[in-house]
Amino acid sequence: MNQPILTLSDLAFTYRDAPKPALDQIDYRHRRGEFTVIVGETGAGKSTLCRCLNGLIPSFTKGRLEGSLQVAGHRDSERPQVYELARIVGLVFQDFEAQLFSTNVELETAFALENFAVDRDRMKTRVDRALNRVGLSGFEQRDPASLSGGEKQRLAIASVLAGSPSVVVMDEPTTDLDPVGKRDIFTLAQVLRNEIEGIILVEHETEHVLSADRILLMHEGRIVQEGPPGEILADPRNVERHGVRPLQTTVLLSELGLETDALTIEDAAARIRSAGWRVKKSAQESLEGARRREPPCDPPGEPPHEPLDDSRQSVVHIKNLVFRYGEAPPAVDGVSLDIAAGEFVALVGQNGCGKTTLAKHLNGLHAPTEGEVRVLGKSITDWTLPELGRRVGYVFQNPDHQIFANTVRDEVAFGARNYGFSEEEVGEKVDAALAETGLSGRDLEDPFNLTRGERQQLAVASVLATDPGILVLDEPTTGLDYHGQVAILNLVRRLNESGRTVVMITHSMWVVAEYADRCIIMSGGRVVQDGDVRTCFSNPELLESLYLEAPEAVRLGYEFGLVARSVQEIAHCLERVEE
């Protein structure tokens, strides 16, 4: 039998000055050609393990490394230097922007090859092939800074693939990708395992990991469970307990009291039917008035929310908006729409379709090239930036792009102070914002010592302290485990229910299904569909053509002739028919 490409024995790592190990007694053998996915909550040690595999730990990140790690047959005492290891183990960082620095896409992709002294002709071939594999052909001369978040993530992957490493390690490579882009990465992983000697991928979503050979479930620095996807993912409660969103097929089967080892949508639907479950009469009609997670059939207690009233005041009015970056084609091209007070709007579309560019007009970060944007009845060009910023709070996709203060309290207070509130008012607003985001009592902590999810909550708190009526959030769940995602989403829901208007950019279509009221779909800088969420999910072929995909629960509903927004909706629309 071939020797494993990677062998870890009793591997442990403790960061400098940390109170406990980030990795603790890791034993793992990666067989040649294997595709392994690592899952677990934030802080489980997933990224630390990835950085050990390519030598960044302990060569660049200091701490105490113990145990044995053998790579490509080298004895531990002969472990290659980092520059040698880069040829063997290629790593796509979780913070993919941190590994991009060149002035155009082609140079970024070629950087490793230049360091490996690859000749120019072979370099060109390998760069072209890598860019084609991630869907960036034609982007060669683009400045990486001008790309969307998802396009930057694709570029980081291409820059690693171009180096032709024996093992590719990708730390959450799909976080900023549109739904079809996520699926493509797993398809690419399937192809690569026939060409290279190993694929290791860290992921929070579960649906696509069914194609993996093996799953490692990590908790507090240890591998607590290891096995094929069918074995690990069949227990939804255990998966969720470890910060991973469970397969919705298993959640529905569990709610119906059935065995949860049917993982695919087709297999789960077949099991449900064979157990005698059928759709209630008039189930779809009862879904039409349902909102969010409320059970639509036989609802307990309160009736469903009323549909949004079209007569409500428009707080955002956009007419014939065009925006260009320099001489490039329009990033936003002729968009017209209105957003009513109190709406929860999801803005979706494939990477680079213009979502963030459009959203940045709402608080004056961009000014129209052509057309008009009015907020609260006034053109954004007539507002001063401080005036508009008080009314429209903007939470960036990466919270580290807006966090800079030395303490949590100073960070949250900055905006309110800047807008001229008295110190007494600032104190009251900061206390309220910290309480609302679950950060009370952490006033004096260093923001950069917080977890990614806590920094996301801090970014929201700093915006809330200015008390805006409109809240714009760009991918607020990116990089968070399932617990972190739900915490942020429930916070946003509470803010919306308190009267704030919410505009959320997201690639997580389950978030759209379960939380939003309205879905605006963009493609090529234009709005191609705008309506209530259930209507947007009623045409799966259109979604696919726009590089989107209905989430797992919605597709599970299709199997029963329902356009449902959650597993809970499906469960309440089914009844068991006794033979």
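## Helix H18 and its ends

Helix H18 is followed by Gly499, whose phi is positive, near 120°; helices here are DSSP runs of H or I with at least four residues, strands are runs of E with at least two, and both are numbered from the N terminus. This is a predicted model, in which local features need pLDDT of at least 70 and side-chain atom pairs count only at pLDDT 80 or more, while totals for chains, interfaces and linings use all residues. Residues are numbered from 1 along each chain as its sequence is written, and side-chain values use heavy atoms, with hydrogens and water left out.

At the N-terminal end, H18 is capped by Asp481, a side-chain oxygen of which lies 3.2 Å from the backbone nitrogen of His483. The 16 residues of H18 should span 22 Å at 1.5 Å a residue, and this agrees with its end C-alpha atoms, which are 22 Å apart; the expected span is 1.5 Å times one less than the number of residues. Buried residues of H18 include Tyr482, Gly484, Ile488, Leu491 and Leu495, where buried means under 20% relative accessible area, exposed means over 50% and partly exposed lies in between, for a 1.4 Å probe and protein chains only.

Strand S17 (residues 470-474) is largely enclosed by the rest of the structure, because five of its five residues are buried. Ile470, Val472 and Asp474 point one way from S17, whereas Leu471 and Leu473 point the other way.

S17 pairs in the parallel sense with strand S16 (residues 392-395) over four bridges, and with strand S18 (residues 501-505), again in the parallel sense, over five bridges; two strands pair if DSSP finds at least two bridges between them. Leu473 of S17 is the bridge partner of Val395, while Leu471 stands opposite Val502 in S18. Together, S17, H18 and S18 make a right-handed β-α-β unit, meaning that, with the strands pointing away from the viewer, the path from the first strand over the helix to the second runs clockwise.

## The sheet S2-S1-S4

Three strands form an open antiparallel sheet in the order S2-S1-S4. Its edge strands are S2 (23-30) and S4 (63-71), each of which pairs on one side only, and the twist averages 15° from one strand to the next. Strand S1 (residues 6-15) and S4 pair in the antiparallel sense over eight bridges, with Ser68 of S4 as the bridge partner of Ser9.

Helix H1 (residues 46-53) packs on the sheet, touching S1, S2 and S4, and its direction makes about 120° with that of S1. Contact means heavy atoms within 4.5 Å, and the axes are lines fitted to C-alpha atoms, for helices over the stretch in contact, with angles running from 0 to 180 degrees between N-to-C directions.

Pro368 lies in the loop between helix H13 (355-359) and strand S14 (370-375), and counts as partly exposed because its relative accessibility is 21%. Not counting residues up to four places away in sequence, Pro368 touches Leu321, Val322, His361, Val373 and Ile380.

Ser379, found in strand S15 (residues 378-379), counts as buried at 11% relative accessibility. Leaving aside neighbours within four places in sequence, Ser379 is in contact with Val373 and Arg374. The side chains of Ser379 and Thr381 are joined by a polar contact of 2.8 Å, a term for a pair of N or O atoms within 3.5 Å; within protein, one must be able to donate a hydrogen and the other to accept it, and residues adjacent in sequence count only if both atoms are side-chain atoms.
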